[in-house]
Amino acid sequence: MTATSVLVLHEIGDAAGGGPWRSALADEGWPADGVIAPDLPGHAGAPAPVGGGYDPADAAFFAAPLLPGEPGVVVGVGVNGWPAQVFALGGKASALVLVDGLGGPWLEPHQAIAAGTEWLRAVSADPAAVAPAPAGADLDPRLRHPIPPMSSRSHAIRMAEAMPVPVLVVESPHSGLDPADADDLASRFPTLVGLLRLPDRGPASIVAAITNAFR
């Protein structure tokens, strides 16, 4: 396939936002009018959501109005692999790239509850995180406390097995999964294009892989 547009949902907590992705895509020759790599709320000076709360679904709600009429490549990094998959399942993508975006580590229900509780405790104990969000900050202090990733293996499997578009999976040392788990889940995609293991997930390396796979 040949894609003409790409949407990047950068990692939650990445203070640089979409800027490095926009630069890397430009360097690889992607047309400016086909590159959508926004600074998600609370990142790179972008305002926090109304109310100041964050949720793994934020990227989907924020980016949905930005999507072009013709589906293109959707890239989800880290926790934002989940909303990227939602776009693909909803017919809003012609191809999907998951950068450490398969989910995990897998948790039992009581472990997931404990992880969420610990996150709330950490945010509540941080004076900067409970104060009003500072205008223009590189990163909202709330986002210094990583939102727990999707931890349901059965959920991840169902999403993978239902995927209707070509999928490129990129794993790096930042992944929440061990290699065996990543191999198993990647094998569930009926339209898998490839599984790459890279030493880092810098935008330049990832964009080169996307360009090679989908242009």
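Modeller: The axes of α3 and α6 come within 10 Å and cross at roughly 35°, where axes are lines fitted to C-alpha atoms, for helices over the stretch in contact, and angles run from 0 to 180 degrees between N-to-C directions. The crossing in which α3 passes α6 is left-handed, a term used if the near helix is turned anticlockwise from the far one by less than a right angle, with right-handed used if clockwise. On the α3 side the contact is made by Trp-82, Gln-85, Val-86 and Leu-89, and on the α6 side by His-155, Met-159 and Ala-160, contact meaning heavy atoms within 4.5 Å. These residues divide into five nonpolar, two polar and no charged; Ala, Val, Leu, Ile, Met, Phe, Trp, Tyr, Cys and Pro count as nonpolar, Asp, Glu, Lys and Arg as charged, and the others, Gly among them, as polar.

This is a predicted model, in which local features need pLDDT of at least 70 and side-chain atom pairs count only at pLDDT 80 or more, while totals for chains, interfaces and linings use all residues. Residues are numbered from 1 along each chain as its sequence is written, and side-chain values use heavy atoms, with hydrogens and water left out. Helices (H or I, at least four residues) and strands (E, at least two) are DSSP runs, numbered from the N terminus.

Because Arg-188 lies in the loop between α7 (179–186) and β6 while Glu-161 belongs to α6 (residues 153–161), the pair ties together parts that are 27 residues apart in sequence. Arg-188, at 27% relative accessibility, is partly exposed, and Glu-161, at 45%, is partly exposed; the classes are buried under 20% relative accessible area, exposed over 50% and partly exposed in between (1.4 Å probe, protein chains only). Both residues belong to a network of salt bridges that links Arg-153, Glu-161, Asp-184 and Arg-188.

The structure holds eight salt bridges, and one of them joins the side chains of Arg-201 and Glu-11 at 3.3 Å, N to O. This pair links distant parts of the chain, 190 residues apart, with Arg-201 in the loop between β6 (192–197) and α8 (203–214) and Glu-11 in the loop between β1 (6–9) and α1 (19–27). Arg-201 and Glu-11 are both buried. Glu-11 is also among the residues touched by Asn-80, including Leu-9, His-10 and Ile-12, when residues up to four places away in sequence are not counted. Asn-80 is found in the loop between β3 (72–77) and α3 (81–89), and Asn-80 is buried at 0% relative accessibility.

The helices α1 and α8 form a further contact, their axes coming within 9 Å and crossing at roughly 45°. They are therefore oblique to each other, since angles under 35 degrees count as roughly parallel, over 145 as roughly antiparallel, 65 to 115 as roughly perpendicular and the rest as oblique. Here the crossing is right-handed, and Pro-20, Trp-21, Ala-24 and Leu-25 in α1 meet Pro-203, Ala-204, Ile-206 and Val-207 in α8. The residues of this contact divide into eight nonpolar, no polar and no charged.

Definitions and conventions
Salt bridge = Lys/Arg side-chain N within 4 Å of Asp/Glu carboxyl O.
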